[in-house]
Amino acid sequence: MVKSWRATVLTIFPEMFPGMLGRSLAGKALEAGHWHLETVDIRDFARDKHATVDDAPFGGGPGMVMRPDVVDAALDSVEGTNRPVIYLTPRGRLLTQSRVRALAEGPGAVLLCGRYEGIDHRVIEARGLEEVSVGDYVLSGGEPAAEIVLDACVRLLPGVLGSAASLDEESFERDLLEYPHFTRPQEWEGRAVPEILVSGHHERIRAWRLEQSEQLTRERRPDLWARYVARREKKDLMS
Ligand code: SAM
């Protein structure tokens, strides 16, 4: 039997899981056994009777820092060392669809959620943790970030989405944002659906959608657009 994709989340708030991951697509996939979720309560690895996980920062300054010995012991308790161990942090590499795809194709992930000012740098270094950010903004904890990573991965697991074809044209798949969508009613508050979409000409619809995707990407995401153009030029050169 194929082992299901396995997620382990280390957190001081295990009750936050599965959270939104227990509903809708991810929740159904969890119930169906397409993936498996477990939490590790970092507080269980505290060394004192008050279950302290944090302390004041050396050098002074505001806030508290999670202790390396406590986090390290929590990480030690996780079985299955063949999975990437990710520390969610705004200082990490920005999460991309290609990293999500690579994670989804692997055996699973171990996700470490920070709180307070974050985690003592020594444990990040000693463990060679992969540092991942879910965006250029600061959350109050790693838990919502971990849920974002897991949600993005789980929908790519085999058997989770009804139609795998719907993934091919999604935003980021070809360094393009997706084209706009329309459904019934055909006219709504004086706005009609673009004529081409009701024409029945599949080839022209495909071309229109690509054009829309290209225009949106050029306007909104110059970084993606530059990659798309470079890739297209390389392909042209090779053909
Ligand atoms: N002092 C940190 C800084 O300025 O980089 C922010 C700490 S934040 C208040 C607490 C925790 O939330 C972090 O340790 C991290 O686990 C999580 N977090 C916050 N923003 C995040 C983001 N954009 N991506 C991933 N995790 C984030």
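Trainee: Is Tyr116 buried, exposed or partly exposed?

Mentor: In this predicted model, Tyr116 counts as partly exposed because its relative accessibility is 36%, where buried means under 20% relative accessible area, exposed means over 50%, and partly exposed covers what is in between, with a 1.4 Å probe and protein chains only. Tyr116 lies in the loop between E6 and H4, and its phi is near 55°, a positive value in a residue other than glycine.

Trainee: Before I go on, what should I know about the numbering and the cut-offs for confidence?

Mentor: Residues are numbered from 1 along each chain as its sequence is written, and side-chain values use heavy atoms, with hydrogens and water left out. As this is a predicted model, local features need pLDDT of at least 70 and side-chain atom pairs count only at pLDDT 80 or more, whereas totals for chains, interfaces and linings use all residues.

Trainee: Which peptide bonds are cis?

Mentor: A cis bond joins Phe17 and Pro18, with omega about 5°, and Pro18 is in the loop between E1 and helix H1 (24-32). The bond from Arg184 to Pro185 is also cis, with omega near 0°, and Pro185 lies in the loop between helix H6 (165-168) and strand E8 (187-188).

Trainee: On to the ligand. How many residues surround it, and which are the closest?

Mentor: The ligand is surrounded by 20 residues, the closest being Tyr87, Leu88, Gly114, Tyr137 and Leu139; a residue is near a molecule if one of its heavy atoms lies within 4 Å of it. By class, that shell has 10 nonpolar, 8 polar and 2 charged residues, where Ala, Val, Leu, Ile, Met, Phe, Trp, Tyr, Cys and Pro count as nonpolar, Asp, Glu, Lys and Arg as charged, and the others, Gly among them, as polar.

Trainee: Which N or O atoms of the protein lie by an oxygen atom of the ligand?

Mentor: A backbone N or O atom of Leu88 is 2.6 Å from an oxygen atom of the ligand, and an N or O atom in the side chain of Tyr87 is 2.9 Å from an oxygen atom of the ligand. For a nitrogen atom of the ligand, a backbone N or O atom of Val134 lies 3.1 Å away. Taken alone the ligand exposes 590 Å², and the protein buries 84% of that, with areas from the Shrake-Rupley method and a 1.4 Å probe.

Trainee: Which element gives the most to that shell?

Mentor: E5 gives the most, with 5 residues. The elements that give two or more residues are strand E5 (85-94), strand E7 (130-133) and helix H5 (142-154).

Trainee: Where is Gly114, and what does it touch?

Mentor: Gly114 is in the loop between E6 and H4 and is buried, with a relative accessible area of 8%. Leaving aside neighbours within four places in sequence, Gly114 is in contact (heavy atoms within 4.5 Å) with residues including Tyr87, Leu88 and Glu143. Gly114 and Leu88 are 26 residues apart in sequence, yet 6.9 Å apart in space, C-alpha to C-alpha.

Trainee: New topic: how many aromatic pairs are there?

Mentor: A search of the whole structure finds 1 aromatic pair. The rings of Trp225 and Tyr228 have their centres 5.4 Å apart and their planes at 35°, so the pair is tilted. Rings of Phe, Tyr and Trp (its six-membered ring) pair if their centres lie within 6.5 Å, and planes under 30 degrees apart count as stacked, over 60 as edge-to-face and the rest as tilted. Both Trp225 and Tyr228 are buried.

How values were computed: A polar contact is a pair of N or O atoms within 3.5 Å; within protein, one must be able to donate a hydrogen and the other to accept it, and residues adjacent in sequence count only if both atoms are side-chain atoms. Helices (H or I, at least four residues) and strands (E, at least two) are DSSP runs, numbered from the N terminus.
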